[in-house]
Amino acid sequence: MTAQDPIFDLLVVGGGTAGIVGAKTAARFGARTVLVEQDRTGGDCLWTGCVPSKTLLSAAEHAKTTRALTGERPDFALVRKRIFAAISTIEPIDSHQSIEESGAAVIQGVLSFSAPGVAQVGGRTIRFRQALIATGGAPSGLEIPGLNASVTVTSETIWELERLPARLTIIGGGPIACELGQAFARLGSEVTMIVRSGILVKEVPEAAGLVRAALEADGVRFLENSAVYGATAADHGTRLRLDNGDELDADVVLLAAGRSPRTAGLGLDRLGVELDETGRIVTDARMGTSNPRIWAAGDVTTNPDFTHLAGVHASVAASNAVLGLSRQVAGTVPRVTFTSPEVAAVGITVADPGLKHRARTVWHEHIDRAVTDDATAGFTRLIVAKRGKILGGTIVGPRAGESLAELALAVQHGLTTSDIAGTTHAYPTYADGVWNAAVADVRANLEAPLMRRAIGVLVRVRRFWLDRPARQRSAR
Ligand SMILES: Cc1cc2nc3c(=O)[nH]c(=O)nc-3n(C[C@H](O)[C@H](O)[C@H](O)COP(=O)(O)OP(=O)(O)OC[C@H]3O[C@@H](n4cnc5c(N)ncnc54)[C@H](O)[C@@H]3O)c2cc1C
Ligand SMILES: NC(=O)c1ccc[n+]([C@@H]2O[C@H](COP(=O)([O-])OP(=O)(O)OC[C@H]3O[C@@H](n4cnc5c(N)ncnc54)[C@H](O)[C@@H]3O)[C@@H](O)[C@H]2O)c1
């Protein structure tokens, strides 16, 4: 591209999942599209998020099995190699070339808005009709006096560790802390998690409890309702001081206490884009912002931080922007924490008795696949409204993320427990959890007094009908 750049129909800021999907969507519609990325295209998910963390979890599970069978310790260099291999296998789909093949231009540099319709990238001026902000987020910093940066990592830098830390302390109790904590414990690190309240607080307590027990079984030590208020240098690492006066030595400290949006320095104030109190961009259901020409998607917005949401929301934003549509994003948001057991949830996860919701829970001791796998620590719970409409639920267990797809479909399309109960599920699968919970709900409805009476009438009528020839014979 040259100094005579056209006025772009859509300027996309950020080349993570949201930016890539947004740019490709707009370009495929024929809109003049440019994507600006300050670093590598692919974003958090590819380089430092989903892809490396799920590969690490898989390698750690393998390491646990191998150690149990042979006593062999994992080779951390091979684990790292596997992570980099997974990234480089997936990377082409997020590359400059792939984005350009869709018809969008790609510019490398840090973008900031200078005025409505005008932005700067490294001294170059870009003019645009509309923009999609997809600048994502970054790990939130923690002010811990005395904590040396050389022993501190975040989800962005932990992948640079060349040796397995002997003692890893994690500050935080969300999905990042739980997934990475379990993986490093299974690889052989002595892991301590310092958690302000409980772990996985967004999930139902039984789910968080099962994950906590599984992590403890893998050797993770929990210091809950604790906070770190200071640190000093120690041999090979740091000594952390806790608010209760305890001290804890660590070789590496992982800060996993939430993420913050990348909105600073973008110049959004010059565009009149409203942010919430945490700096995230406020969007409506069309992914529009308070400026009708500016759209946003992904972790930079007030929506939950998930790759699938970033992609879907960006696609809706780009379509609305370049085609002038008013498509709205779906409210059904599935989520999975990929610990072992996995925790998967969608929609409403707690029954509201005031609204006559009911919860149907099947514990996985009663799911044959879980029994055959010796993995019965889990459950499937459906939250059901009057007339059997499925509102949401939680699944805990192996492959819970896969079983969740059916529940997400049910919630999105307003299916009922009768719809699920009437659909034959293959045996033996973990999906039996959803099926059995739905069957339990339908069966419980059949036990209701009115229904029992109606069924009783049917049985008697049928009996009467079948006995008709005998009655006729005796009458003759
Ligand atoms: C360890 C970890 C594990 C995760 N696991 C999962 C998972 O299993 N499943 C799941 O759904 N989600 C997971 N997530 C969340 C997921 O990674 C994010 O929700 C997703 O990547 C967000 O995509 P995004 O496009 O909004 O942002 P990003 O991927 O962060 O992309 C934003 C891009 O914008 C660029 N940028 C920022 N400012 C500017 C600027 N001024 N100019 C130019 N470019 C700029 C950045 O360099 C970056 O490349 C995980 C996250 C982490 C940290
Ligand atoms: N499997 C997945 O989909 C997946 C995996 C990882 C991350 N993510 C996404 O990334 C987001 C960020 O993850 P996260 O785990 O960093 O954040 P989070 O916001 O979910 O959890 C942060 C945790 O840190 C704790 N905390 C905050 N300040 C603390 C302090 N000073 N001391 C001790 N504990 C403190 C909080 O109580 C909370 O438990 C998630 O919300 C999720 O949307 C998704």
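By class, the shell around ligand 2 is made up of 15 nonpolar, six polar and five charged residues, where Ala, Val, Leu, Ile, Met, Phe, Trp, Tyr, Cys and Pro count as nonpolar, Asp, Glu, Lys and Arg as charged, and the others, Gly among them, as polar. Before I go on, please keep in mind that this is a predicted model, in which local features need pLDDT of at least 70 and side-chain atom pairs count only at pLDDT 80 or more, while totals for chains, interfaces and linings use all residues. Residues are numbered from 1 along each chain as its sequence is written, and chains are lettered from A and ligands numbered from 1 in the order in which they are written.

To stay with ligand 2, 26 residues surround it, and the closest are G172, G174, I176, A257 and D305; a residue is taken as near a molecule if its C-beta atom, placed from the backbone, lies within 6 Å of it. Helix α6 gives the largest share of this shell, four residues, and α6, β10 (190–195) and β18 (335–337) each supply at least two, with helices (H or I, at least four residues) and strands (E, at least two) being DSSP runs numbered from the N terminus. At least three residues of the shell come from each of domain 1 (7–41 + 95–139 + 260–323) and domain 2 (149–257), the bounds being those of an automatic or database domain assignment.

Now to the annotation. An unreviewed UniProt entry places the feature "binding site" at G172, G173, G174, P175, I176, A177, C178, E179 and G258; the positions are in the numbering used here, feature names are shortened, and annotations may be inferred rather than shown by experiment. These residues are spread over 87 residues of sequence, yet they cluster in space, with a largest C-alpha distance of 13.8 Å.

Which loop holds G172? G172 sits between β9 (167–171) and α6 (175–187), and it counts as buried because it has 24 C-beta neighbours inside 10 Å, the cut-offs being 20 or more for buried, 12 or fewer for exposed, and partly exposed in between, with C-beta atoms placed from the backbone. Neighbours within four places in sequence aside, G172 is in contact with A177, V195, A256 and A257, contact meaning that the two C-beta atoms, placed from the backbone, lie within 7 Å.
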